[in-house]
Amino acid sequence: MSSSDMIRIENLVKRYQDLVALDHLTLSIQEGEIFGLLGPNGSGKTTAINCLLALLKYDKGSITVFGRNMQPDSYDIKKQIGVVMQNVAVFEQMSVQENIDYFCGLYIRDKAKRQSLVEEAIAFTGLTDYRKMRPKKLSGGLLRRLNIACGIVHKPRLIIMDEPTVAVDPQSRNKILEGIVELNRQGSTIIYTSHYMEEVEQICSRIAIIDHGRVLATGTTEELKQMIKTGETITIEAIQLDNTLLAAIRDLPHVFDLAYEDRILKIRLSTARHNLVRILNFLKERDISFGRVFSELPTLNDVFLEITGKELRD
Amino acid sequence: MLHLFKYRFLQIIRDYSAMFWALAFPIILGTLFYLSFGHVGLEATGDSAWDMIKVAVIREDTSSENARAFESYLGMMEEEMLDIQDISKETEALDALNEEELAGIYYIKEEPSLTVAKNGLNERILTSLLESYNQNAAMFRKIAMTHPENLPNAVAALEDYRQTTEAVSLAGKDLNPDVQYFFALVAYACLSGIFLGVKSSLDGQANLTALGARRSITPTHKLTLVLIDMSVLFVIHFFNILILCLYITKVLGISLGDDIGALLLVDFMGSMIGICMGIAVGCLTRMSLGMKMSISVLFTLFPGFLAGLMFGNMKNIIELRCPIINRINPAAVLSDAFYCMGIYNDTERFTRCLLILALMCVCLLTVAFLGIRRERYDSI
């Protein structure tokens, strides 16, 4: 932890009766980061965010934001935070522009400044053509963009985005991700929670992997990948592989794990040169026919798999 | 603040389902009241203005002065409360009496008499009529014997007495029994502001709605948000109540009183108590939306029932048995304020009603504000 941390969460414990939602969660986030909270559904991401925003009571631990304790009446801190909730939170009875203007008004009193910010937010989220429409008339992607516009319209120093791309089509998702990077470029620090590893990998400068309410690993994507044994994953379509053969493959140098299911052989190897050639030669020598072959560098999913023993989307 | 007020106002008045229950439903209910018993027939309520009592008149001896006077008296009563059947034979009249087709038989003779078959309300009224006639006749006879010169004055005095007691109420206003239903209806409509209050307070509850969470994390003080919501709801609800009162008085033609200022004051306090109840229920309890709505239904219909919305005489029964309930039941206090304003012209009691309502509002708001102060949730 550094004294320049924008957010510091220490030993946070939150219990729902017997269920421990946050188990001594400790995090620090620096200004200017896009910080990813990566974890499966139910891992404690949203609970951590709600505690951070002083919405939820917690049993133990401390939270400081901008160097001060976060409390329900920390209005000076709240002024500098924008939140994009997981669920769309807009008024059905008001148009796109009215919604954005209303939520901006909760932060900004000056009318001229507010009008300019509303226009900027509408343009930023690409809602110009839809400004007069009610939320009910918008598609899922546009609705998510409206949700984002309402959260960022006051140009906050810290933006918290809780799974903003859930149930969004790929095209809209890309626009949203581009927008988040742009917001960061404009100076906002962003906390981004997701269970989509591709998104987190694509935009986050630092990532914390959470499961069962605990931070399992923190670092940049590269740092996380270096923490694990997997250097390469080779996938081969092959038939008639018996247990003896699979055991022989497992004994090859640098192989530390394999799985064979539905004619797909998946071999995980530590970082070494010529891993793929070695495996293919082994199969040729034993006259085993095979189809397509893929070699992949480790992903965040591999990191998650190795750290937690389960797939991210389990 | 005006900015937030404007948008909250637009948002609430565009919420058509909420506006239906707050505005259209009481108007529909009022129309149904009017059609059911206000206009078509008050008898349907069990609070009939007057059912004419069926009687037969047997003329045994019409030669005496007293018999002719009694016949004339019955003729006068026929216009007001007696339905004299066309039966001249005593046997037919007795048969009809046994069949309960008649309440009684008057006999016109020197000493008028009455035959009834049972001891009910109508029979007692018929007896009272006869006794009243006999007393007056005795009085006139006595005056004629002792001071015959004053007989015309005595007759005139009795005439004046009748006019005063029968046509004028305590406050000099007609007491139309069906008005109490409309007073109770307006009281119910005022209390139905609770639904607007509860629904609106949900938008500030982070544990119940996403909107509540979003509004809870803004730098605008939660009390400010509640006060803005309350002001908007109050303005909307006050106009709803005014529209309802206008509809009742101008369209249905039911008078709610002549004092417009007092009527506005009652509507004002009524709207306020409804909204405050809603805000209190919405803010205080950390219950689910369903539970809050159930409580709201209970808090509108039950006080409405106790105030006489479903059974007109209920408020009077409670006043006799346990008057404290009428003092703490906002619907009864409102209904009472309407009575004081529209019927009794009782300024002291009217002021007391308004003070009770104001006190209730203060208590409810205090409870609500204490509930939401520095609020953090156990789960979201």
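**Exercises on a predicted two-chain model**

A:Ala208 stands opposite A:Thr218 in β10(A). The model is predicted: local features need pLDDT of at least 70, side-chain atom pairs count only at pLDDT 80 or more, and totals for chains, interfaces and linings use all residues. Residues are numbered from 1 along each chain as its sequence is written, while chains are lettered from A and ligands numbered from 1 in the order in which they are written.

**Exercise 1. Strand β9 of chain A**

Find the strands that pair with β9(A), and state whether β9(A) is covered.

Solution.
- Step 1: Helices (H or I, at least four residues) and strands (E, at least two) are DSSP runs, numbered from the N terminus. Two strands pair if DSSP finds at least two bridges between them.
- Step 2: β9(A) (residues 206-211) and β10(A) (residues 214-219) run antiparallel, joined by five bridges. The two form a hairpin with two residues between them, and A:His212 in the turn has a positive phi of about 50°.
- Step 3: β3(A) (residues 34-38) runs parallel to β9(A), with four bridges. Here A:Gly36 has A:Ile207 as its bridge partner.
- Step 4: A residue is buried if 20 or more other C-beta atoms lie within 10 Å of its own, exposed if 12 or fewer, and partly exposed in between, with C-beta atoms placed from the backbone. Five of the six residues of β9(A) are buried, so the strand is mostly covered.

**Exercise 2. Strand β1 of chain A**

Which strands pair with β1(A), and in which sense?

Solution.
- Step 1: β1(A) (residues 5-16) pairs with β2(A) (residues 19-30) in the antiparallel sense over eight bridges. A:Arg8 stands opposite A:Ser28 in β2(A).
- Step 2: This pair is a hairpin with two residues between the strands, and A:Gln17 in the turn has a positive phi of about 55°.
- Step 3: β4(A) (residues 60-65) also pairs with β1(A) in the antiparallel sense, over five bridges. The bridge partner of A:Glu10 in β4(A) is A:Ser62.

**Exercise 3. Core and loop**

Locate the largest nonpolar core, then decide whether A:Leu138 is buried, partly exposed or exposed.

Solution.
- Step 1: A nonpolar core is a set of buried Ala, Val, Leu, Ile, Met, Phe, Trp, Tyr and Cys residues joined through C-beta atoms within 7 Å. The largest has 84 residues, and A:Leu38 and A:Ile100 are among those with the most contacts inside it. Helix α5 (residues 140-152) of chain A gives the most to this core, with seven residues.
- Step 2: Two residues are in contact if their C-beta atoms, placed from the backbone, lie within 7 Å. Beyond its neighbours within four places in sequence, A:Leu38 touches residues including A:Ile207, A:Ala208 and A:Ile209.
- Step 3: A:Leu138 sits in the loop between α4 (111-124) and α5 of chain A. A:Leu138 counts as partly exposed because it has 18 C-beta neighbours inside 10 Å.
- Step 4: Leaving aside neighbours within four places in sequence, A:Leu138 is in contact with A:Tyr130, A:Met133, A:Leu143 and A:Leu146.

**Exercise 4. Where the chains touch**

How many residues does each chain give to the contact?

Solution.
- Step 1: Chain B gives 25 residues and chain A gives 26 residues.
- Step 2: On the side of chain B, the elements that give two or more residues are α1 (2-13) and α9 (210-216) of chain B.
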